[in-house]
Each structure stands twice: as C-alpha cells, then as structure tokens.
Amino acid sequence: MNYFPDEVIEHVFDFVTSQKDRNAVSLVCKSWYKIERLSRQSVFIGNCYAISPERVIGRFPGLKSLTLKGKPHFADFNLLPYDWGGWVYPWVEALAKSRVGLEELRLKRMVVSDDCLELLSRSFVNFKSLVLVSCEGFTTDGLAAIAANCRYLRELDLQEIEVDDNRGQWISCFPDSCTSLVSLNFSCLKGEINLTALERLVARSPNLKSLRLNRAVPLDTLQKLLMRAPQLVDLGIGSFVYDPSSEAYIKLKATLVKCKSIRSLSGFLEVVPCCLSAIHPVCQNLTSLNLSYAPGIHGNELIKLIRFCRKLERLWILDSIGDRGLGVVAFTCKELQELRVFPSGVDNAAVTEEGLVAISAGCPKLHSLLYFCQQMTNAALITVAKNNSNFTRFRLCILDREKPDPVTMQPLDEGFGAIVQSCKRLRRLSLSGLLTDQVFLYIGMYAEQLEMLSIAFAGNSDKGMLYVLNGCKKLRKLEIRDSPFGNTALLTDVGKYETMRSLWMSSCEVTLGGCQTLAKKMPRLNVEIINEDDQMEFSLDDRQKVGKMYLYRTLVGPRKDAPDFVWTL
Amino acid sequence: MSQDTTVDSPESSDGASLMSFDTELTLGLPGESRSPARAPAFAQGHKKNCTKRGFMETVIDLNLGTSHISMPRGQNSESRVSGTGKYPAAKAQVTGWPPVRSFRKKTLEGSSKLVKVAVDGAPYLRKVDLQIYSSYQDLFRALEEMFTCFTTRDYNMEERKLTGALNGREYVPTYEDKDDDWMLLGDVPWKMFVESCKRIRLMKSSEAVGLGKYKFS
C-alpha cells in the first residue's frame, strides 16, 4: 500500500483537512493511522465526556487546535441544572502537563474557571486563539490573565457569555508588545471598559480584522477606533447613541465611509434609531448582518437599512421585522443563504407563514433557517418546500406550543413532510406545532442525511420515535422533550445509540426500569438520569418515569465529576 | 390612514371567516384579503389597511384555540380549557419554551421595557416595548396599528383623546405610574413617562372624568 516514504504521505495528508476525512484516512491501514495521528493538528471533540484528555493527547501529540463541546444543546434552555458538568479544567491541566504545543482552544457550553484561564495562559507559549461560545464560570480576571500572558494572542472571541463580575481593566493587561491581534470580540460583556487602553490596543494591532465592542463603548470612541482600523472586516457596534447634530456623529459618518472592507456588522445593543444613515454606506458591501440584539432598530428605519443590503448572505433579525419586512428582505437580498428570526417578546408585527413563503420565493440560495413565528400552515410549508429544496438546516419554532395549522386546524405533519421530502440534503431539523406520529414516518422515510433532530411536544406513541431511529441512518443527535415516547421506543434498537453522539429525553414516558435495561445492555453508553427535584428520591421503583435522561456513547465509562443529582446507571 | 378598513365586522367574527382564506398564498401586507387580484404591496407609501392582529381577528384566534383536539401527553400534560369559556386560559409557562438561549433572553429583557396595553371593551391585553419609541406620537402610531380602532388624526393632542373609528367613542390614553397613580399620557416628558409607566389603559372617555392623580382600587 505504501509506495511512498512516510514524509510524502504526511505531506499528502496536509491537504486532508476535514476531521471526517482524516478519520476515514486513519482507518485505511496501521501505517496510515500512525502517520495521520502524528500529523493531525486540529481535533474536534463533540462530547467532552466521550473520551479522556489523556487519550486524545496520547493519540494526537502534534495537537495544536482543540475544539470541545460540553453540555447538551437543551442546556441552553435551562433544562439542565447548573452544576451538571462540562468543566474544562481537567483538559487544560492534562494538556499543560503534556508536551502539546496548544495554540487554539474553542469551547462550547463548557464551564471555564478563572484558574483554568490562568493555567491556559501560562502553559502554552504559542497560544494564539481562544473562542468561547455559551460558556460560563469565569470573570474578567481570567480574561486579564489571557491578555497579559499570551504574547502572540491573535484571537479572543466571547460569544453569548454571561460574565457577571465585570471590571474593564482586563483590556489594559495586554502588554505594549502585543501587536498580533486579529480578532477581538467582547460584545457580551456587560460592564465598563477602559476606553483609552482599548484605543491604544487597536492602534497597535495592524492585523485587526474583527472587532466587536460592548455596550460601554460610546460613539466617539467608536469613531477613533475606526480611524485606527479602517481595514476592519467585521464590526460589532455596542452603543449607537448620539445627537445627530453633534460633531462626533458627523465625524463617525465620514469615518465609516472610509471603512470599505467591512463585510459583517452586528450589535447595536443600544441605538437611537432615527438616523441610521451613517450605516447605509457600509450596508452595500455587507455579507453578514446581525441585528438580533437590536430591538431599537425596527419599522421603517430597519426596512430602509435592509434595502441597501443587496449582497447579504447571512441575516439575523428579530421578529419585529414582521412579514412586511421579510418581504423587503426577499426582494432585496438575493444572495441570502442563512436567515435567523428570533422572538422579540413583543406582540405587534411578529412573523407568520407569509414571511417565510416570501423569503423562500425570493431567496433561491437560502439553505439555513431558524424561524420563530406566531403560526405556520401546511400550505405554506409545502410552498416553501417547492420553492426551495436546498435546506441543510431547517429549524421552525411556532411560539404557541402544539399549535395546529390555523386555517385547516390540522397537524403540521404534511408541511414538515414536504420539507424533508424535498430537501434531500437536510442535516438539521427542529419541529414545532401540532404534530402526530405521521411526521416522524415522513422523517424516517425521507430524511436520509439528517444528523440532528429536535422534538418538543410532538407525536402520539412510541411509533413516532421508532420511525426516526429506524429510518435516519445518519442520525447523530436526537433531543426530545415532552413527547409520549417510552420504553418500547427506547429499547427496540439499543445498538443504534452507539452510532450516535447522544440522546436527550425529558418529560417523556421512559421509566427508570427502561433506562436501567438500556444501561445494562450497552456498557459503552453513559445513561445519565438527572434529578434536580428534592422530592424525587432515587427510589428503586422501576416504573417511575424519568424526568430527564441524557445518554451518550463513551470510551471512558461513567464520568467521575458527576454531581449528586446525576445518576449514571 | 384610510377609513375604508377591511377588518372583519364583529358580526362575522366566527371561525368561518378565517376558514375561507385561500390556501393559495399571495404576498402582501398582513391582514389584507388574500384574493389573487391584489398585487403585492411592497411600495413604500402604501398604508396598511389593517393589521393581522386587529383585535377582532385576535378574538377569532382565541375562539379557535379552544376547539383543537387535546392530545394525550406525558406527565407534564397541561390542562386545556375547552368549550365553555369564550377566551381560554393561556397555556401554562413551561421551562425552556420558547427555546431561546438564556443569554439572549436576559439581554433583550434588559434592553426592553415591556408594558401591557389594555383597551376598554377589548377582551385581551397587548404588550409593547416602550424603549423602541422615541415620542408619544410614535407610541400612538403603534397603538393605532395594533388596535385598528384609532387613527392618528383622531388623536386630539389638546384634549388628549383618541376617537375610536369602530364605534366612534372617545378613548383617553392613560397609564399607571410607579406610584400606582393613573395619569394621562402626555402629562410628563416622554423619557420620564417611559421610566415610570407600568401599564397603559385606553379608557373610555366617560370613565375618565376628573382624571389627574387618581387612585384606582
């Protein structure tokens, strides 16, 4: 098999970048396995409890970039108690002890302590990139350590993180010698920031391409920062509050015109909406726009803005845009690939099936959708499926639980059925509205590429879940809440779960006995029962229904850091 | 704002009027009739005739909500009011629904000031976010769109009254402030109003006699 020396094969493997492909390559033969593992630089661990850090380091000693995911997806919606797990410290500790030259760490839904950040900052000389998404557990002290000690830091990216303790001095901890920043995102931090230090940092970062500011950065500072960094490609504006006649605003308008490289815009956490005209010149080149945290931009001002965004590929927006606004998007944004419409919590001008139909008709390149809406009809979904068979991600959330088609009063089985039948490349699907087992029959039949499915308040019987488990061969993640699926569904094909990353079931019909049976049959699964109510003792009654069950395949057995309320069967 | 609104008259507010919508979808502003003859109306300057959520239509929605079949669920089945009451109880709040990240929820909560708006004679409440408006006129425009009984030119700044187009009665916009007093909208500067307003009530003029600092029980 080996016609070439190892170095040549290794060089060829350099061009094999996706983890999936590298995994495949490593299975060809022992020799390729060895060459591949020694040369792999980037490792993705979808479930931090599926494997131990020591084994990862042992297999991939050349590791430079590590991506870890911790808590299951439903943790985002407060369905998981606070201390469930997902601590990253053991990973950083193991990496620090080893000889791994870590350069990049990307974490999602993990608990990160200040100590951990401190250790991270001191252990890896070439550490370059820290990306934290939906993480928790640290304060700005940890950020100060990163700033102070990572001499070659290129990227510090904090997304959707609640950091309570917040003092703005961490930004002053970047030494004067730090000139390597390419990306700085602290938009989610709630507190004040040392503006002078920030200005000086940006001034000495000629490679800065992405800058996302928080609410505490006022307009005149923004203007100064943009003067220093006209090369920015991605800008997040924290505060856009000003007096339109003020010199600061006039200066900003002029400066923005010079920022010809900006392709991505976000933020506007605080905004005076009446004069967004300063932004219009930037809009013409935008490929990505995120106004989902900007309830202050609405109505005609929003529509005016959108009309300039002809090149938009990604749009995140609040439902206050309304069907009318989505009509404008459909008319204007012909390059649109990804749309997310989030709920604003306000009653007037939310979106319905009309907006979605308009978008599907007007935006032929759309393939990724997250849509929170007041209602949906089968007819609309069928139309969407006809208009657009490109969807890879289709997540629909009808705000009113179990709401039927308001025109026909029927469940939405046919509508979703049309979507899965038409969209042959669908990888991710979230369902809502009134749904019977029928929709799952369709999903099992047609959703051949489906990897992740989210189910809530749906189905009638075990058959529903079985259709999915039997039919979706590529299923990796299944998460179900408040649906009448029980032990029969759970236990019919236990081998299936080793082909998947994880299964979440909460408020369903599975019992303790059922889960125990499963755990006994499948030693390479961790079957966790999560019991937060004090009333629910771990009684030995097999017939007791389980509140929350999270199971996942693992090579390292039950985790040792599970808190009291988690019972691994 | 044109007077020829196409809101369904109260008499026809039953399930049948919604059932008669064409299933063929056309593009248009919410609330317009869905006849194919009507051209899409993106052009600016086209005024909305009515909103999808005009209150009579919402009353229809609420009525229909009672009639769908109750599906059996697991141990968290919610009680569903069916039949008797004209306006069914809202579904119980459930953890994690709608599925929005708590970071997003908290951030938006912080930047919005949601207050309930009640209209005398209407059976339900609406919510508005006061933070997104910059003046009383702005707010009234939004209220007008929501309730479709008023038009901006019906707002008489001098006497602070709104004239309902539907039934011609006058409404007085009032709000409850932090001290639990009922005040007239417009009494205080806008920003102060936003800060102190707890909820809004469009009161029938006949009831608003002598309103100033007036405690309601």
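Q: What makes a residue a contact of A:F268, and which residues does A:F268 touch, not counting those up to four places away in sequence?
A: Contact means heavy atoms within 4.5 Å. In this predicted model, A:F268 touches A:I237, A:G238, A:F240, A:L276, A:I279, A:L291, A:Y293, A:A294 and A:I297.

Q: How are residues numbered, and which parts of the model count?
A: Residues are numbered from 1 along each chain as its sequence is written, and chains are lettered from A and ligands numbered from 1 in the order in which they are written. Local features need pLDDT of at least 70, side-chain atom pairs count only at pLDDT 80 or more, and totals for chains, interfaces and linings use all residues, while side-chain values use heavy atoms, with hydrogens and water left out.

Q: What makes a set of residues a nonpolar core?
A: Its members are buried Ala, Val, Leu, Ile, Met, Phe, Trp, Tyr and Cys residues joined through side-chain atoms within 4.5 Å; buried means under 20% relative accessible area (1.4 Å probe, protein chains only). The largest such core has 187 residues, and A:W170, A:F240, A:F268, A:F394 and A:I443 have the most contacts inside it. A second, separate core of 25 residues includes B:A122, B:V128, B:Y171 and B:L202.

Q: Why are the buried residues of α5(A) said to line one face of the helix?
A: Helices are DSSP runs (H or I, at least four residues), as strands are (E, at least two), numbered from the N terminus. In α5 of chain A, residues 89–97, the buried residues are A:W91, A:V92, A:A94 and A:L95. Seen down the helix axis, these fall within an arc of 165 degrees, so they line one face; the arc is that of the directions from the axis to the C-beta atoms. They pack against β1, α4, β2, β3 and α6 of chain A.

Q: Why is the crossover from β2(A) to β3(A) called right-handed?
A: The term applies if, with the strands pointing away from the viewer, the path from the first strand over the helix to the second runs clockwise. The chain crosses from β2(A) through α5(A) to β3(A), and this β-α-β crossover is right-handed.

How values were computed
Buried < 20%, exposed > 50% of the residue type's maximum accessible area, 1.4 Å probe, protein only.
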